[in-house]
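Me: I'd like to go through the charged pairs in this one. Could you put it up first?

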Amino acid sequence: QVQLVESGGGLVQAGGSLRLSCTVSGTVSGKIASIYDIGWYRQTPGKGRESVASISATSSMEYADSVKGRFTISRDNARKTAYLQMNSLKPEDTAVYYCRADVNYYNVAAEMVAARLWGQGRQVTVSS
């Protein structure tokens with residue numbers, strides 16, 4: 001059908017930068033019609049998933065207080081891709097980061113389907 005593929009992340013020292021990307025991709029059995037809100041979340045062991053940043057279809061952005069001024073979310077609608085630029089990283093930013101996108105797509109029967117997609121998660125590790 002359709003899927004969300006993440007890339008980026010990795011290991012960096014405190015104060016460094018990383019970028020995450022997520023791309024919405026369709027297949028022959030699922031053609032993307034529209035991409036609405038896109039969000040980035042993170043999760044650490046023993047904790048629930050927390051929202052980090054989100055961007056609407058009109059590029060209105062929201063951030064968690066803990067990342068304001070350091071993280072920037074953006075989107076390239078032509079590429080069906082969203083980005084999370086993470087600067088001035090801190091050890092407490094260490095987590096698995098997940099992308100989420102709300103989409104409409106056409107299924108194999110040419111019916112429009114609304115779906116919330118999640119990426120597979122990318123590890124971000126910030127060493128002190």
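**Salt bridges**

Me: Which residue does D76 pair with in a salt bridge?
Reply: Remember this is a predicted model, where local features need pLDDT of at least 70, side-chain atom pairs count only at pLDDT 80 or more, and totals for chains, interfaces and linings use all residues. Residues are numbered from 1 along each chain as its sequence is written, and side-chain values use heavy atoms, with hydrogens and water left out. A salt bridge means a side-chain nitrogen of Lys or Arg within 4 Å of a carboxyl oxygen of Asp or Glu. At 2.9 Å, N to O, the partner of D76 is R79.

Me: Is R79 buried or exposed?
Reply: Buried is under 20% relative accessible area, exposed is over 50%, and partly exposed is in between (1.4 Å probe, protein chains only). D76 has 22%, so it counts as partly exposed. R79 has a relative accessible area of 57%, so it is exposed.

Me: What about D93 and R70, are they buried or exposed?
Reply: Their side chains form a salt bridge at 2.7 Å, N to O. D93 sits in the loop between β8 (81–86) and β9 (95–107), and R70 in the loop between β6 (61–63) and β7 (71–76), 23 residues apart. Both D93 and R70 are buried.

Me: Which residues are joined with R70 and D93 into one network?
Reply: The link comes from salt bridges that share partners. Besides R70 and D93, the network takes in R42 and E50.

Me: How many salt bridges does the structure hold?
Reply: R116 and D102 make one, at 2.7 Å, N to O. The total for the structure is seven.

Note on methods: Helix = DSSP H or I, 4+ residues; strand = E, 2+ residues; numbered from the N terminus.
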